[in-house]
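Please read these points with the model open beside you. They go element by element.

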Amino acid sequence: MAARAERQPLAVVVSRGRASSWLTTVDHKRIGILYIVTTLVFFVAGGILALLMRAQLATPNESFVTRGSYNELFTMHGTTMIVLVVVPFWAGLANYLVPLMIGARDMAFPRLNALSFWLLFFGGVVMYSSFLFKAVPNAGWTAYPPLTTSQFSPGHNIDFWILGLHLLGGSSLIGAINFIVTILNMRAPGMKLVDVPMFVWS
């Protein structure tokens, strides 16, 4: 095994090291980049869902997708754009910029920061895995009752949606606590709250 490892090109070994370091990082800049790249992937996925809906609406009485499939596309598109793109993209920018703007070395809780990203990632994976199990959420992205009840949405469609949202909610909650503690306790010496940039306040 050692001989085989020695024969591998240096570029392969270095690239493997780099990939694993990104997966295990607790650096706020790298986590911010992971957030942004992940949200851009979900943005593309949500855009594809929107294009499929627009293809259905392109002409009257179009039959490109069924009524049930349209409800699924509508639900997943709305959920994706709100909780998998807009909110975490902002969190990615904040992860990268807030410590730099207030003179902190990192976020207050680096490991919790990494956990918040991975909860986002797996929350999105859970939601989109519903396509593999043919149980795509179909009650609209607002999920108003009674559309979410078993009478109107039988099967595990809403279960995927709820489980994904629980993971995404945990990600947002952990991230918010981390931002608050970082901003309140880790500002550079002499920097008062009234001195921090507007981005940090937002």
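Predicted model: local features only at pLDDT ≥ 70, side-chain atom pairs only at ≥ 80, totals over all residues.

The numbered points below cover helices, individual residues, loops and a pocket.

1. Length of α4. Helix α4 covers residues 67-102, 36 residues in total. At 1.5 Å a residue it should span 52 Å, and its end C-alpha atoms are 51 Å apart, so the two values agree. Just after α4 comes G103, with a positive phi of about 80°.

2. The bend in α4. Where does α4 bend? The bend is at T80, and it is about 35°. T80 has a relative accessible area of 0%, so it is buried. A polar atom of the T80 side chain lies 2.5 Å from the backbone oxygen of M76. Beyond its neighbours within four places in sequence, T80 is in contact with F42, G46, V85 and Y128.

3. Y128 lies in helix α5. Its relative accessible area is 19%; the limit for buried is under 20%, so Y128 counts as buried. Apart from neighbours within four places in sequence, Y128 is in contact with F42, A45, G46, L49, M76, T80 and L84.

4. Helix α5 as a whole. Its 20 residues should span 28 Å at 1.5 Å a residue. The end C-alpha atoms are 29 Å apart, so this helix agrees with expectation. Which residues of α5 are buried? They are N113, A114, S116, F117, L119, L120, G123, G124, V126, M127, Y128 and S129. An α-helix has 3.6 residues a turn, so residues three or four places apart point the same way. The cover over the buried residues of α5 includes α3, α4 and α6.

5. Q56 in α3. Q56 sits in helix α3. Its relative accessibility is 14%, so it counts as buried. A polar atom of its side chain lies 2.7 Å from the backbone oxygen of E62. Leaving out residues up to four places away in sequence, Q56 touches E62, S63, F64, V65 and Y70.

6. N61 between α3 and α4. N61 is found in the loop between α3 (28-57) and α4. It has a positive phi of about 55°, although it is not a glycine. Is N61 buried or exposed? With a relative accessible area of 82%, N61 is exposed. The backbone here deserves a look.

7. K134 between α5 and α6. K134 is placed in the loop between α5 and α6. Here too phi is positive in a residue other than glycine, near 50°. At 77% relative accessibility, K134 counts as exposed.

8. P137, in the loop between α5 and α6. P137 has a relative accessible area of 0%, so it is buried. P137 and E72 are 65 residues apart in sequence, yet their C-alpha atoms are 5.7 Å apart. Setting aside neighbours within four places in sequence, P137 is in contact with N71, E72, T75, M76, S130, N157 and W161.

9. A cis peptide bond. The bond from P145 to P146 is cis, with omega near 5°. P146 lies in the loop between α5 (110-129) and α6. Please check this bond in the model.

10. The largest pocket. Its volume is about 420 Å³. It is lined by 23 residues, and the closest to its centre are W90, A91, G175, A176 and F179. Which elements give two or more residues to the lining? They are α4, α6 (157-185) and α7 (198-201). The largest share, ten residues, comes from α6.

How values were computed. Residues numbered from 1 in each chain as written. Heavy atoms only, no water. Helix = DSSP H or I, 4+ residues; strand = E, 2+ residues; numbered from the N terminus. Expected span 1.5 Å × (residues − 1). Bend = angle between axes of the 7 residues up to and from the residue. Buried < 20%, exposed > 50% of the residue type's maximum accessible area, 1.4 Å probe, protein only. Polar contact = N/O pair within 3.5 Å; in protein donor to acceptor, adjacent residues only side chain to side chain. Contact = heavy atoms within 4.5 Å. 1 Å grid on protein atoms, 1.4 Å probe; cavity = no way out; pocket = protein on both sides within 12 Å on 5 of 7 lines; lining within 4 Å. Points joined across faces, edges and corners; volume = space filled by probe spheres on them.
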